[in-house]
Amino acid sequence: MPLVCICSPKGGVGKTTLAANLAWTLARTGSKVLAIDFDVQNALRLHFGVPLSDGRGFVARSEEQADWSQSILTTGGNIFVLPYGDVTEAERERFEDNLAKDPYFLRRGLDTVLNYPGLVIVADFPPGPGPALKAMRELADMHLVVMLADTASVSLLPQIEKNRMTGAPLNNQRGHYFILNQSDNRRHISRDVTDFVQQRLGESLLGVVQRDESVVEANASQQSVYDFSPASAAAFDIELIGKRVANILNIKIGNGEFQAPARTSS
(Lines give C-alpha, C1' and ligand atoms only; values in the text may rest on other atoms or scores of the structure.)
Protein backbone atom coordinates (compact mmCIF):
# COMPACT_ATOMS: atom_id res chain seq x y z
CA MET A 1 0.00 0.00 0.00
CA PRO A 2 2.25 2.85 -1.16
CA LEU A 3 1.02 6.24 0.10
CA VAL A 4 2.24 9.45 -1.54
CA CYS A 5 1.49 12.86 0.01
CA ILE A 6 1.35 15.97 -2.17
CA CYS A 7 1.96 19.22 -0.28
CA SER A 8 3.35 22.73 -0.71
CA PRO A 9 4.47 25.63 1.51
CA LYS A 10 2.16 28.04 -0.37
CA GLY A 11 -0.99 28.01 -2.44
CA GLY A 12 -1.42 28.63 -6.14
CA VAL A 13 1.34 26.28 -7.28
CA GLY A 14 -0.82 23.75 -9.14
CA LYS A 15 -0.51 21.17 -6.37
CA THR A 16 -3.98 19.65 -6.72
CA THR A 17 -3.72 19.47 -10.50
CA LEU A 18 -0.39 17.71 -10.17
CA ALA A 19 -1.82 15.29 -7.59
CA ALA A 20 -4.66 14.40 -9.94
CA ASN A 21 -2.41 13.86 -12.94
CA LEU A 22 0.04 11.80 -10.87
CA ALA A 23 -2.88 9.60 -9.85
CA TRP A 24 -3.84 9.26 -13.52
CA THR A 25 -0.22 8.40 -14.39
CA LEU A 26 -0.07 5.57 -11.87
CA ALA A 27 -3.51 4.30 -12.86
CA ARG A 28 -2.46 4.18 -16.51
CA THR A 29 0.13 1.55 -15.61
CA GLY A 30 -2.64 -0.71 -14.31
CA SER A 31 -2.33 0.12 -10.62
CA LYS A 32 -5.49 0.76 -8.63
CA VAL A 33 -5.22 4.33 -7.31
CA LEU A 34 -7.16 6.11 -4.59
CA ALA A 35 -6.99 9.92 -4.58
CA ILE A 36 -7.74 11.39 -1.13
CA ASP A 37 -8.51 15.07 -0.61
CA PHE A 38 -7.55 16.67 2.73
CA ASP A 39 -8.06 20.22 1.43
CA VAL A 40 -11.25 22.03 2.48
CA GLN A 41 -11.48 23.52 -1.03
CA ASN A 42 -12.66 20.03 -2.09
CA ALA A 43 -11.31 20.51 -5.61
CA LEU A 44 -9.52 17.20 -6.25
CA ARG A 45 -12.77 15.41 -7.16
CA LEU A 46 -13.40 17.81 -10.06
CA HIS A 47 -10.34 16.47 -11.88
CA PHE A 48 -12.00 13.05 -12.05
CA GLY A 49 -15.36 14.09 -13.40
CA VAL A 50 -17.25 14.32 -10.11
CA PRO A 51 -19.89 17.07 -10.59
CA LEU A 52 -19.47 20.37 -8.80
CA SER A 53 -22.91 19.83 -7.26
CA ASP A 54 -21.86 16.53 -5.63
CA GLY A 55 -21.00 17.46 -2.05
CA ARG A 56 -20.34 13.98 -0.71
CA GLY A 57 -17.16 13.37 1.27
CA PHE A 58 -15.64 11.80 4.35
CA VAL A 59 -14.96 14.79 6.62
CA ALA A 60 -18.49 15.72 7.71
CA ARG A 61 -19.13 12.21 9.04
CA SER A 62 -15.56 11.37 10.05
CA GLU A 63 -16.44 11.08 13.75
CA GLU A 64 -19.48 8.84 13.39
CA GLN A 65 -18.23 6.86 10.39
CA ALA A 66 -15.23 4.93 11.68
CA ASP A 67 -14.42 3.52 8.22
CA TRP A 68 -13.93 6.40 5.80
CA SER A 69 -13.69 4.04 2.82
CA GLN A 70 -17.51 4.02 2.78
CA SER A 71 -17.31 7.51 1.27
CA ILE A 72 -15.14 6.48 -1.70
CA LEU A 73 -16.55 7.39 -5.10
CA THR A 74 -15.88 5.31 -8.19
CA THR A 75 -14.93 7.24 -11.31
CA GLY A 76 -14.27 4.45 -13.79
CA GLY A 77 -11.12 2.56 -14.68
CA ASN A 78 -8.54 2.20 -11.93
CA ILE A 79 -9.21 5.57 -10.24
CA PHE A 80 -11.18 6.04 -7.02
CA VAL A 81 -11.73 9.27 -5.11
CA LEU A 82 -12.25 10.02 -1.43
CA PRO A 83 -13.44 13.66 -1.48
CA TYR A 84 -13.20 16.08 1.42
CA GLY A 85 -16.84 16.98 0.84
CA ASP A 86 -18.93 20.03 1.56
CA VAL A 87 -18.63 20.91 5.25
CA THR A 88 -19.63 23.61 7.68
CA GLU A 89 -17.01 25.61 9.52
CA ALA A 90 -17.85 23.71 12.71
CA GLU A 91 -17.38 20.34 10.95
CA ARG A 92 -14.02 21.44 9.58
CA GLU A 93 -12.87 22.59 13.00
CA ARG A 94 -13.93 19.32 14.68
CA PHE A 95 -12.14 17.30 12.01
CA GLU A 96 -8.91 19.24 12.42
CA ASP A 97 -9.23 19.13 16.21
CA ASN A 98 -9.56 15.32 16.11
CA LEU A 99 -6.53 15.08 13.82
CA ALA A 100 -4.48 17.18 16.23
CA LYS A 101 -5.58 15.57 19.49
CA ASP A 102 -6.10 11.89 18.61
CA PRO A 103 -2.94 10.26 17.20
CA TYR A 104 -4.97 7.27 15.95
CA PHE A 105 -7.89 9.16 14.40
CA LEU A 106 -6.42 9.20 10.89
CA ARG A 107 -5.18 5.63 11.03
CA ARG A 108 -8.57 4.31 12.17
CA GLY A 109 -10.45 6.15 9.47
CA LEU A 110 -8.16 4.92 6.70
CA ASP A 111 -7.55 1.43 8.06
CA THR A 112 -9.47 -0.35 5.29
CA VAL A 113 -7.67 1.38 2.43
CA LEU A 114 -4.29 1.26 4.16
CA ASN A 115 -4.59 -2.52 4.24
CA TYR A 116 -6.04 -3.06 0.79
CA PRO A 117 -3.51 -5.07 -1.27
CA GLY A 118 -2.01 -3.37 -4.29
CA LEU A 119 -3.77 -0.04 -3.79
CA VAL A 120 -1.71 3.10 -4.41
CA ILE A 121 -2.86 6.19 -2.46
CA VAL A 122 -2.21 9.75 -3.57
CA ALA A 123 -3.22 12.26 -0.88
CA ASP A 124 -3.57 15.99 -1.54
CA PHE A 125 -3.12 18.45 1.35
CA PRO A 126 -3.88 22.14 1.80
CA PRO A 127 -0.90 24.47 1.41
CA GLY A 128 1.31 25.22 4.38
CA PRO A 129 1.42 23.50 7.77
CA GLY A 130 -1.72 21.81 9.03
CA PRO A 131 -3.02 19.03 11.30
CA ALA A 132 -3.75 16.63 8.44
CA LEU A 133 -0.23 16.88 7.04
CA LYS A 134 1.24 16.40 10.50
CA ALA A 135 -1.02 13.43 11.29
CA MET A 136 -0.07 11.73 8.01
CA ARG A 137 3.67 12.00 8.64
CA GLU A 138 3.97 8.56 10.25
CA LEU A 139 1.82 6.78 7.65
CA ALA A 140 3.15 8.13 4.36
CA ASP A 141 5.81 6.41 2.28
CA MET A 142 6.81 9.60 0.46
CA HIS A 143 6.10 13.33 0.39
CA LEU A 144 6.24 15.39 -2.78
CA VAL A 145 6.62 19.14 -2.25
CA VAL A 146 5.32 21.20 -5.17
CA MET A 147 6.80 24.62 -5.93
CA LEU A 148 6.44 27.08 -8.77
CA ALA A 149 9.43 28.14 -10.84
CA ASP A 150 9.36 31.60 -9.29
CA THR A 151 11.21 33.55 -6.62
CA ALA A 152 8.33 33.35 -4.10
CA SER A 153 8.50 29.56 -3.99
CA VAL A 154 12.29 29.51 -3.76
CA SER A 155 12.14 31.89 -0.79
CA LEU A 156 10.11 29.27 1.09
CA LEU A 157 12.64 26.46 0.70
CA PRO A 158 14.02 27.12 4.22
CA GLN A 159 10.59 26.30 5.66
CA ILE A 160 10.99 22.76 4.38
CA GLU A 161 14.66 22.49 5.30
CA LYS A 162 13.97 23.70 8.87
CA ASN A 163 11.02 21.29 9.29
CA ARG A 164 8.48 24.09 9.67
CA MET A 165 5.75 22.24 7.77
CA THR A 166 5.18 19.66 10.51
CA GLY A 167 7.71 20.47 13.22
CA ALA A 168 9.74 17.42 12.20
CA PRO A 169 11.09 15.86 8.99
CA LEU A 170 8.23 15.46 6.51
CA ASN A 171 8.83 11.78 5.98
CA ASN A 172 10.76 9.12 7.87
CA GLN A 173 10.37 6.34 5.30
CA ARG A 174 11.40 7.13 1.70
CA GLY A 175 11.86 10.84 2.41
CA HIS A 176 10.54 13.93 0.66
CA TYR A 177 11.23 15.16 -2.84
CA PHE A 178 10.48 18.34 -4.76
CA ILE A 179 8.65 19.02 -8.00
CA LEU A 180 9.12 22.31 -9.81
CA ASN A 181 5.91 23.18 -11.62
CA GLN A 182 5.16 25.48 -14.57
CA SER A 183 8.75 26.09 -15.58
CA ASP A 184 8.85 28.39 -18.62
CA ASN A 185 12.05 28.60 -20.66
CA ARG A 186 10.73 31.69 -22.42
CA ARG A 187 10.94 33.71 -19.20
CA HIS A 188 14.28 34.80 -17.82
CA ILE A 189 13.28 34.55 -14.13
CA SER A 190 11.75 31.12 -14.63
CA ARG A 191 14.90 29.83 -16.32
CA ASP A 192 17.09 31.23 -13.55
CA VAL A 193 14.91 29.77 -10.80
CA THR A 194 14.84 26.38 -12.52
CA ASP A 195 18.64 26.34 -12.83
CA PHE A 196 19.05 27.42 -9.20
CA VAL A 197 16.64 24.79 -7.87
CA GLN A 198 18.27 22.03 -9.92
CA GLN A 199 21.68 22.92 -8.49
CA ARG A 200 20.40 23.47 -4.94
CA LEU A 201 18.29 20.32 -4.62
CA GLY A 202 20.16 17.85 -6.82
CA GLU A 203 18.61 14.38 -6.62
CA SER A 204 15.93 15.67 -4.25
CA LEU A 205 14.34 17.39 -7.24
CA LEU A 206 12.19 14.60 -8.65
CA GLY A 207 11.12 16.47 -11.74
CA VAL A 208 10.37 19.72 -13.56
CA VAL A 209 7.00 20.21 -15.26
CA GLN A 210 6.93 22.62 -18.19
CA ARG A 211 4.29 25.33 -18.31
CA ASP A 212 1.66 24.01 -20.70
CA GLU A 213 -1.78 25.42 -21.54
CA SER A 214 -2.97 21.86 -22.15
CA VAL A 215 -3.02 21.34 -18.39
CA VAL A 216 -5.40 24.25 -17.83
CA GLU A 217 -7.62 23.17 -20.71
CA ALA A 218 -7.68 19.58 -19.47
CA ASN A 219 -8.75 20.81 -16.03
CA ALA A 220 -11.59 22.80 -17.56
CA SER A 221 -12.85 19.69 -19.31
CA GLN A 222 -12.35 17.50 -16.20
CA GLN A 223 -9.90 15.25 -18.02
CA SER A 224 -6.38 14.11 -17.39
CA VAL A 225 -3.73 15.85 -19.44
CA TYR A 226 -3.02 12.46 -21.07
CA ASP A 227 -6.55 12.17 -22.42
CA PHE A 228 -6.73 15.80 -23.47
CA SER A 229 -3.26 16.17 -25.03
CA PRO A 230 -1.14 13.01 -24.76
CA ALA A 231 1.73 14.55 -26.73
CA SER A 232 2.00 17.66 -24.55
CA ALA A 233 5.19 18.57 -22.73
CA ALA A 234 3.47 18.48 -19.33
CA ALA A 235 2.10 15.00 -19.99
CA PHE A 236 5.64 13.77 -20.71
CA ASP A 237 7.07 15.47 -17.60
CA ILE A 238 4.40 14.14 -15.23
CA GLU A 239 4.65 10.65 -16.68
CA LEU A 240 8.39 10.72 -16.00
CA ILE A 241 7.75 11.82 -12.42
CA GLY A 242 5.25 8.98 -12.04
CA LYS A 243 7.85 6.46 -13.20
CA ARG A 244 10.35 7.83 -10.68
CA VAL A 245 7.79 7.60 -7.88
CA ALA A 246 6.97 4.02 -8.86
CA ASN A 247 10.66 3.14 -8.91
CA ILE A 248 11.38 4.67 -5.48
CA LEU A 249 8.36 2.99 -3.89
CA ASN A 250 8.76 -0.26 -5.82
CA ILE A 251 5.21 -0.05 -7.14
CA LYS A 252 4.50 -3.12 -9.21
CA ILE A 253 2.90 -2.49 -12.56
CA GLY A 254 -0.64 -3.82 -12.57
CA ASN A 255 -2.41 -5.79 -15.25
CA GLY A 256 -4.61 -2.91 -16.34
CA GLU A 257 -7.79 -4.61 -15.21
CA PHE A 258 -10.50 -2.78 -13.31
CA GLN A 259 -10.63 -3.94 -9.70
CA ALA A 260 -12.62 -2.03 -7.09
CA PRO A 261 -11.71 -1.59 -3.44
CA ALA A 262 -13.77 -3.60 -0.98
CA ARG A 263 -16.14 -0.76 -0.07
CA THR A 264 -17.22 1.95 -2.46
CA SER A 265 -20.20 4.14 -3.10
CA SER A 266 -21.19 5.77 -6.37
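Predicted model: local features only at pLDDT ≥ 70, side-chain atom pairs only at ≥ 80, totals over all residues.
Which side chains meet in a salt bridge at 2.9 Å, N to O? I started my notebook with that one, and the pair is K15 and D124. For a salt bridge I required a side-chain nitrogen of Lys or Arg within 4 Å of a carboxyl oxygen of Asp or Glu.

Residues are numbered from 1 along each chain as its sequence is written, and side-chain values use heavy atoms, with hydrogens and water left out.

Next, the sheet. I took helices (H or I, at least four residues) and strands (E, at least two) as DSSP runs, numbered from the N terminus. I call two strands paired if DSSP finds at least two bridges between them. Eight strands make an open, mixed sheet, in the order β3-β4-β2-β5-β1-β6-β7-β8. At its edges are β3 (73-74) and β8 (205-210), each pairing on one side only. I then looked at β1 (residues 3-7) and β5 (residues 119-124), which run parallel and are joined by four bridges. L3 has I121 of β5 as its bridge partner.

α11 packs on this sheet and touches β1, β6, β7 and β8; I count contact as heavy atoms within 4.5 Å. The direction of α11 makes about 165 degrees with that of β8. Axes here are lines fitted to C-alpha atoms, for helices over the stretch in contact, with angles from 0 to 180 degrees between N-to-C directions.

Last, I checked the two helices against each other. The axes of α1 (residues 15-28) and α11 (residues 233-249) come within 9 Å and cross at roughly 65 degrees. That makes α1 roughly perpendicular to α11 (65 to 115 degrees counts as such, under 35 as roughly parallel, over 145 as roughly antiparallel, the rest as oblique). From α1, residues including L18 and L22 meet I238, E239, G242 and A246 in α11.
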